[in-house]
Amino acid sequence: MVVPTYNESENIEWIVGRLRAAQPGVDVMIVDDNSPDGTGAVADRLAAADDAISVVHRTEKAGLGAAYLHGFDVALKAGYDVIGEMDADGSHQPEQLQRLLDALGTADLVIGSRYVPGGSVVNWPIQRLALSRGGNLYVRLLLGIKVKDATAGYRLFRRATLEAIDLGSVRSTGYVFQTDLAYRTLARGMRVTEVPIEFVERERGNSKMSGQVARESLRMITRWGLSERRAQLSRSRGKA
Ligand SMILES: Nc1nc2c(ncn2[C@@H]2O[C@H](COP(=O)(O)OP(=O)(O)OP(=O)(O)O)[C@@H](O)[C@H]2O)c(=O)[nH]1
Ligand SMILES: [Mg+2]
């Protein structure tokens, strides 16, 4: 599991401890963007005490997408067959990882979803829920995909999936990165399965969600949606 961190010193030991307890067979890679709050040093201490934990230190905050691309690259080179994503703030419960693992048998990408039956969000203000639901609706309409929670960040990828989706050409850095990867997986004809999770709002530390991150999402989804429509149009002209 790749766990990106930026200023999660209050959370990282707690969440990694829970993950190691819930899934002793799963290795953990913390990817820290030189957090000013010292998260990187806490991560180093955890890694020194447990061979299943490793740390990738990056020089500056460059967004969630960039951190994941770096982590995936290291994990692919290390030979892992299944590579996952999980937030460090407690929103993704390690005790529910088994649900994602169970679904992997028939999927190329498994998404822990808030918006399929049985999924839920705990402690989100109505505005935050509206932004997330609205964003997902926009994604479904513009991209024409059926995924209910395309922005979710609790995931498992098969190695073959990450190898197929051309990570070198990914440009998204904020949360739209998640949508980008789901969209690329579907475009390759690969199977995406959603399993319900209970997403819990962070109790400690600060959100990195920002207007800039939201604007990047809107801009890129619109751009992909328009080129999808153009491709459909030229396909139907070709048939006519
Ligand atoms: N390495 C790295 N990690 C990041 C970056 N931005 C966010 N993260 C991590 O990505 C995960 C998700 O970010 P959050 O700030 O929790 O975003 P969020 O879940 O939408 O916001 P909240 O609802 O407030 O929790 C957390 O583990 C963050 O520490 C970044 O630029 N670099
Ligand atoms: Mg969070």
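Predicted model: local features only at pLDDT ≥ 70, side-chain atom pairs only at ≥ 80, totals over all residues.
Which residue stands opposite Asp 32 in E2? Colleagues, the residue is Thr 5.

Residues are numbered from 1 along each chain as its sequence is written, and chains are lettered from A and ligands numbered from 1 in the order in which they are written. Helices (H or I, at least four residues) and strands (E, at least two) are DSSP runs numbered from the N terminus, and two strands pair if DSSP finds at least two bridges between them.

Let us begin with strand E2, residues 28-32. E1 and E2 pair in the parallel sense, over four bridges. Between E1 and E2 the chain passes through helix H1, residues 12-22, in a right-handed β-α-β crossover. Right-handed here means that, with the strands pointing away from the viewer, the path from the first strand over the helix to the second runs clockwise. E2 is also joined to strand E3, residues 53-57, by five bridges, and E2 and E3 run parallel. There the partner of Asp 32 is His 57. Together with helix H2, residues 39-49, E2 and E3 make a right-handed β-α-β unit.

Is E2 buried or exposed? Five of its five residues are buried, that is, each has 20 or more other C-beta atoms within 10 Å of its own; a residue with 12 or fewer is exposed, one in between is partly exposed, and C-beta atoms are placed from the backbone. Val 28, Ile 30 and Asp 32 point one way from the strand, and Met 29 and Val 31 point the other way.

In soluble globular proteins, nonpolar side chains tend to be buried together.

Now the ligand. Ligand 1 is surrounded by 21 residues, the closest being Pro 4, Ala 67, Ala 88, Ser 207 and Lys 208; a residue is near a molecule if its C-beta atom, placed from the backbone, lies within 6 Å of it. E1, E2 and H3 each supply at least two residues of this shell.

Finally, two loop residues. Asn 34, in the loop between E2 and H2, has a positive phi of about 55° although it is not a glycine. Asn 34 counts as partly exposed because it has 13 C-beta neighbours inside 10 Å. Asp 166 also has a positive phi of about 55°, and it lies in the loop between helix H6 and helix H7. With 10 other C-beta atoms within 10 Å, Asp 166 is exposed.
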